Amino acid sequence: RRRHMVKLAAALPGPREELPGIGLAHKFIGDTEAIMHQLQHFSYECMENDGVLRGWLGNTLFFVVVNPGDLEMVLKTCLEKDDLHRFIRTVIGNGGIFAPVSIWRRRRKILVPAFSPKVVENFVHVFAEQSDKLVKQLSRCSGKGKFQAWPFLSTYTLDSVCVFETAIGVKINAQENPDSPFLRAMCDILNMICKRIFHLWLQPDWLFKILPMYKKHQECIHTMHNFTDRVIESKREELKREKESKPEVDHEFDLGAYKKQTFLDLLIHLSGGERGYSNVELREEVLTLTIAGTDTSAVAIGFTLQLLGKYPEIWENIQSIPRVIFEDDRMLVKEDLMKLKYLERVVKESLRLFPPVPLIIRKVLEDITLPSGRILPAGSGVACSIWGVHRDPRYWGPDAERFDPDRFLPERFNLEHACSYMPFSNGPRNCIGYQYALMSIKTALSTILRKYRVIMDTEESPYPYIRVKIDIMMKAVDGYELRLERRERDHHI
Ligand code: HEM
């Protein structure tokens, strides 16, 4: 089988820098910024090679793919996540996002109703309340020069993911408690996991366990698990008390009238209540939602703010946000979000040029022949480059790297292939939280923008440059540095 794999791999183009024996391992020895730089570089080299590029990492074989037709096939047929994800499983176990397909299927089924539009819409008031808090927190920095927006944005999205909240006391409240040990542990562990994925020498467990990093790794897991377990126990207790105090009430779950606004309730009820998920399964799913939903949305808000600061003319257009949304300080409601058409285009363009998840790595279980004619052999991993397909001139024109939100105008947006634009992936294992994410991002941005103007050094070139690194998600190296100035009320619109 290995000979067969090596033979098929040799028939496909490889990168210029491949070395015998170690393949590309020497290209991934730097920090997470250098690693991201390499991944971008391979995406461009992949475009030059007609959309598929081979790469060995030690004796593991990978392919980078950027053609939308090939991507669609891979995302539809290769549902298993690559073995590299085993490092994340030390934290989230069999949580849906990286679970083996046999476990993922049931978990996805349980999660689907929790993300139906009627449930997601009910979260808008949570986003609005949290956005209001975010703006208050930001007021400490406005008018005071440059600051890093990341701590503010990541605490906003963590509080908006709505898993860590129970009536009897356990709350994360990250915005008011930004030094929360949970948040720090999550940030540190994602960084360590990313290093393990790309640095071959950190991969063997026996070696990793004797390194100083291991102690911190275990402490982070302990902090995250401990906190999540306390929340779950507290939720179980709350549900028990509720049932005891009102035995006459029908405790059947009505999704249509769902108002409790925590995913934990949803997970318990949708999995079958007391006979449903065990506490360990609940912990896995809660951590999955937290990791999948926190940094991704914060990253999207951060990049969009920086782009708005770099291009003042886009900012001028933003001012045409419907007046009614800006008239007073009232909280936003879901109807407002639908009117934010221009802002939506800005967010979509920001997700195109700076996708929070720049690549997805799947495992090839059986040889597959791609629509482009190339064969990916069983046993290899395949990196679907979202970064690459979003910047490929074949699908986005010669100015593919230009920041132009009007590409998403209905009369201009005419993609030949759905996979040419896929910040939330595609196929059966795509992002289940994409509507939730878009609502949360739009609520936060519009609440910030009605109070503040973002100022950055303006970018002369239409092709925005932001230094990025990979910490599982793609993040800005500078922690989303920007300046905020308070807007004059009568100045707008
Ligand atoms: C801008 C924000 C977001 C982006 C760009 C994003 C992107 C993605 C991507 C690329 C995947 C991988 C799909 C694959 O392997 O094909 C994914 C999976 C997932 N996302 Fe998101 N996501 C975002 C926000 C959210 C939010 C807010 C939630 C939940 C509250 C969420 C929950 C999930 C879950 C549960 C999965 C796993 C789905 C599965 O394997 O069945 N995501 N997301």
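Modeller: I shall take Asp 82, which counts as buried because 20 C-beta neighbours lie inside 10 Å, and 20 or more is the cut-off for that class. The model is predicted, and what follows should be read accordingly. Asp 82 is placed in the loop between α3 (68–77) and α4 (86–92). Once residues up to four places away in sequence are set aside, Asp 82 touches Ile 361, Arg 362, Lys 363 and Gly 381. Ala 444, by contrast, is 362 residues from Asp 82 along the chain, and the two C-alpha atoms are separated by 34 Å.

In soluble globular proteins, nonpolar side chains tend to be buried together. Here the largest nonpolar core contains 131 residues, and those with the most contacts inside it are Phe 63, Val 65, Ile 193, Val 382 and Cys 384. The greatest contribution to this core comes from helix α9 (residues 181–198), which supplies 11 residues. For Val 65, the contacts beyond four places in sequence are Gly 51, Val 52, Asp 70, Leu 71, Val 74, Val 382, Cys 384 and Ser 385.

Gln 130 belongs to helix α7 (residues 124–138) and is buried, because 25 other C-beta atoms lie within 10 Å. Its contacts, apart from residues up to four places away in sequence, are Tyr 156, Asp 159, Ser 160 and Gln 175. Pro 178 stands 48 residues from Gln 130 in sequence and 14 Å from it in space, C-alpha to C-alpha. Glu 349, in helix α18 (residues 341–353), is likewise buried, since 21 other C-beta atoms lie within 10 Å. Beyond four places in sequence, Glu 349 touches Phe 403, Asp 404, Pro 405, Arg 407 and Phe 408. Of these, Phe 408 is 59 residues away along the chain, with 7.5 Å between the two C-alpha atoms.

Ile 472 lies in the loop between β9 (468–471) and β10 (473–476), and it is buried because 20 other C-beta atoms lie within 10 Å. The backbone at Ile 472 has a positive phi of about 70°, although the residue is not a glycine.

The loop between α20 (393–396) and α21 (434–449) holds Cys 431, and UniProt, in an unreviewed entry, places the feature "binding site" at this residue. Leaving out residues up to four places away in sequence, Cys 431 touches Phe 424 and Ser 425. Ser 425 also lies in the loop between α20 and α21, and it is partly exposed, since its count is 18 other C-beta atoms within 10 Å. The phi of Ser 425 is near 70°, a positive value in a residue other than glycine.

Glu 481, in strand β11 (residues 481–486), is partly exposed, because it has 16 other C-beta atoms within 10 Å. Lys 146 and Gln 148 are its contacts once neighbours within four places in sequence are left aside. Gln 148 is 333 residues from Glu 481 in sequence, and the C-alpha atoms of the two are 4.3 Å apart in space.

The axes of helix α11 (residues 212–245) and helix α13 (residues 279–293) come within 10 Å and cross at roughly 115°, and the crossing is right-handed. From α11, the residues involved are Met 224, His 225, Thr 228, Asp 229 and Ile 232, which meet Asn 279, Leu 282, Arg 283, Val 286 and Leu 287 in α13. Sorted by class, this contact comprises 5 nonpolar, 3 polar and 2 charged residues.

To return to your request, Asp 82 is a loop residue that is buried, with Ile 361 and Gly 381 among its contacts.

Terms used
Residues numbered from 1 in each chain as written. Predicted model: local features only at pLDDT ≥ 70, side-chain atom pairs only at ≥ 80, totals over all residues. Axes fitted to C-alpha atoms, helices over the stretch in contact; angles between N-to-C directions. Helix = DSSP H or I, 4+ residues; strand = E, 2+ residues; numbered from the N terminus. Left-handed = near helix turned anticlockwise from the far one by under 90°. Contact = placed C-beta atoms within 7 Å. Nonpolar A, V, L, I, M, F, W, Y, C, P; charged D, E, K, R; others polar. UniProt positions renumbered as here; feature names shortened; annotations may be inferred. Core = buried A, V, L, I, M, F, W, Y, C linked by C-beta atoms within 7 Å. Buried ≥ 20, exposed ≤ 12 C-beta atoms within 10 Å, placed from the backbone.
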